[in-house]
Amino acid sequence: MPSGTAPPVFPLGNGTYDGAIPQKNPSGMRILFLTHAFNSLTQRLFCELSERGHEVSIEFDIADSVAEEAVALFQPHLIVAPFLKRAIPETIWKNHVCLVVHPGIVGDRGPSALDWAIQEGGEYWGVTVLQAEAEMDAGPVWASAGFPLRPAKKASIYRNEVTEAAVGAVLEAVERFAAGGFVPRHPGPEARGRLRPVMQQTARHIDWQRDGSATVLAKLNAADGFPGVADELFGEACRLFDAWPEAALRGSPGELLARRETGICRATSDGAVWIGHVKREGDIKLPATLAFPAAQNLPEAPLEGWWKSKAPTWQDIAYEEAGEVGFLSFEFYNGAMGTAQCRRLTEAFRWAAGRPTQVIVLLGGEDFWSNGIHLNLIETADEFGSTPADESWANINAIDDLAEAVLNCETHLTVAALQGNAGAGGAFLARAADLVWARDGVMLNPHYKNMGNLYGSEFWTYLLPPRVGEEGARAIMRHRLPMTAPEAVKLGFYDACLPGPSAAFRVDVARRAAELAAAPDLPARLAAKAAKRRADEAAKPLAAWRAEELAEMRRNFYGFDPSYHVARYHFVSKSPHSWTPRHLAKHRDLGWEVPVA
Ligand code: COA
């Protein structure tokens, strides 16, 4: 059963998307994903395999009996476990080939694979696709792929290097399975990996008196975004996340030295590091200075303006210039953009638009471009003298103000360059720019309904239909499925897809932006853009689009149906799934039947 190259998921051209993932392909297989969650890696594999004509259905790992039921209903040719926290039941792996994605090199076993590799400062790591057997991660190997290990946060390595390696290895394993005749082998004595235990907090412990900044950063990176490093701040137990290096500030080891916006700076034995986020016991993850109001008593260490600091330090919004091009980065943790962050970014954008340049590139952050409004801050709004509904309202207005500033920018050509993923409002905020370029590995979730039927704003009703047609826009919103960057470009939603990895992408973006700025037709292009905006404004003002969207959002925030508040609570509290949404579990569709061979 060769998997071959099948038609793309999304037909070419604007306005032709009907939301349908190819259901039948004679050369495709039925592949069941057993997974803990539909995370970005699972989404990417879902898209890659669907694109190749396989019919992929998803079941969350809730209980053995539920997984067994899914297998019975779907009768898969192959089972893939992209992100699993428990062993696959024997009743399943004994009767089906189950391919498990392990974020470790061949021979590595255990649940803290990446944590050990990062904390121990390894230079090379990998992903192994192995067949499930009785002992977890110890089965025969179908494929593997490796990568140089960056000194970076675990979640960042997972979303970038691990995801790219996993896609390559899973596609290879699936092709081997489909072709038949491949015999997977258990790792031999030459395998470099070994069984490692779960990494306990004792191994993660930071000794602020003795550990230097490099060690502290490695420990915090290895624990990001879960489980964090257990520590104490202001005399209270908490978990630390989101570490940044600091080159200048100094103090006695362990001392809290300063605050800047939402980060706190703490001295190590040979320097200092910034801590961006913390989780107090029983609370959700929050920006450090907000989680601890006492942080306001620390001296403030402001940066001057928006220019990117030459020395390493905490800086969430950073501006750089190369000739006629300005680059605005916004490194907001997890891509969540709170009210204050949106307001500061709008200020920075307006300032950048006053510079004597021709093109502004909105670079977002390395891992995320934007995931829309900040659901954690909204959830805890009561603690800061507001309410979740009021904070949602303030946040969506602040992000709309930013979108409006970008849409109304007549002085510059604007480019949204997505190095990292974008979801919900973030995916539409990018579209406010004149051009949207995405790295080829980026995953997009341009829809809102998964968050308790949220209607959405960010001018999506103005921006999306001209790109994909009215029916296309409805389908994207209704189907609530992820989209790869190449799919977004085929669809006409985004403008270009450029090869990664991120460093190469940024170089390519800079070159293309410089070409745009130097092109002789730039003045004509700017004039045409201004004319189009004015014509659009005359036909229907931005204020009217915004008011219509916000009227729906007001109902979501303040209306009698609490779905959004309930969904947000479960999202930020990371409530375990109790069922798989029907749009993912095709085998649970009414009328689903296994096709007759
Ligand atoms: N606000 C606050 N936190 C957010 C967030 C948001 N809008 N979007 C993502 N996050 C956080 C997650 O809680 C998670 O936190 P962690 O560090 O504690 O693990 C982290 O970002 C990564 O999210 P995750 O869901 O694991 O990433 P993913 O790449 O697998 O999935 C999305 C990406 C966008 C599909 C998913 O994060 C999502 O649905 N986010 C909500 C988007 C939304 O509804 N925004 C509001 C409407 S504009």
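Residues are numbered from 1 along each chain as its sequence is written. Because the model is predicted, local features need pLDDT of at least 70 and side-chain atom pairs count only at pLDDT 80 or more, while totals for chains, interfaces and linings use all residues, and side-chain values use heavy atoms, with hydrogens and water left out.

The chain is assigned three parts: domain 1 (10-197), domain 2 (208-297) and domain 3 (317-561). These bounds come from an automatic or database domain assignment. The C-alpha centres of domain 1 and domain 2 are 34 Å apart. Where the two meet, eight residues of domain 1 are in contact with 11 residues of domain 2, contact meaning heavy atoms within 4.5 Å. Between domain 1 and domain 2 an area of about 730 Å² is buried, and carbon and sulfur atoms give 51% of it. Buried area here is the accessible area (1.4 Å probe) that two parts lose on being put together, summed over both. On the side of domain 1, Gln119, Lys153 and Lys154 supply 67% of the area buried against domain 2, more than any other three residues.

The interface of domain 1 and domain 2 also holds polar links. Four residue pairs, both at pLDDT 80 or more, are in polar contact between the two domains. A polar contact is a pair of N or O atoms within 3.5 Å; within protein, one must be able to donate a hydrogen and the other to accept it, and residues adjacent in sequence count only if both atoms are side-chain atoms. On the side of domain 1 that touches domain 2, the elements that give two or more residues are helix 4 and helix 5. Helix 4 provides the largest share of that side, three residues. Helices (H or I, at least four residues) and strands (E, at least two) are DSSP runs, numbered from the N terminus. By class, this side of domain 1 has four nonpolar, one polar and three charged residues. In this classification Ala, Val, Leu, Ile, Met, Phe, Trp, Tyr, Cys and Pro count as nonpolar, Asp, Glu, Lys and Arg as charged, and the others, Gly among them, as polar.

Buried means under 20% relative accessible area, exposed over 50%, and partly exposed in between (1.4 Å probe, protein chains only). Among the buried residues of helix 7 are Val216, Leu217, Lys219 and Leu220. The buried residues of this helix pack against helix 4 (113-119), helix 5 (154-179), helix 6 (201-204), strand 7 (229-233), strand 8 (236-246) and strand 11 (272-280).

Side chains of opposite charge can pair when their charged atoms come close. The whole structure has 40 salt bridges, a salt bridge being a side-chain nitrogen of Lys or Arg within 4 Å of a carboxyl oxygen of Asp or Glu. One salt bridge is found across the interface of domain 1 and domain 2. Asp242 and Lys153 form a salt bridge through their side chains, at 3.5 Å from N to O. Asp242 counts as buried at 5% relative accessibility.

Another salt bridge joins Arg568 and Glu379, whose closest N and O atoms are 2.6 Å apart. Arg568 lies in helix 19 (residues 563-573) and Glu379 in helix 10 (residues 375-379), so the pair ties together parts that are 189 residues apart in sequence. Arg568 is buried, with a relative accessible area of 2%.

Glu515 is partly exposed at 46% relative accessible area, and Arg511 is partly exposed at 42%. Elsewhere, Arg44, Glu48, Arg52, Glu164 and Arg439 are linked in a network of salt bridges.

Two threonines complete the account. Thr35 is in strand 1 (residues 30-35) and is buried, with a relative accessible area of 0%. Its side chain reaches the backbone oxygen of Ala37 at 2.9 Å. Leaving aside residues up to four places away in sequence, Thr35 touches residues including Thr42, Ile58, Phe60 and Pro82. Thr380 is in the loop between helix 10 and helix 11 (388-407) and counts as buried at 6% relative accessibility. With residues up to four places away in sequence not counted, Thr380 touches Asp283, Ile284 and Leu286.
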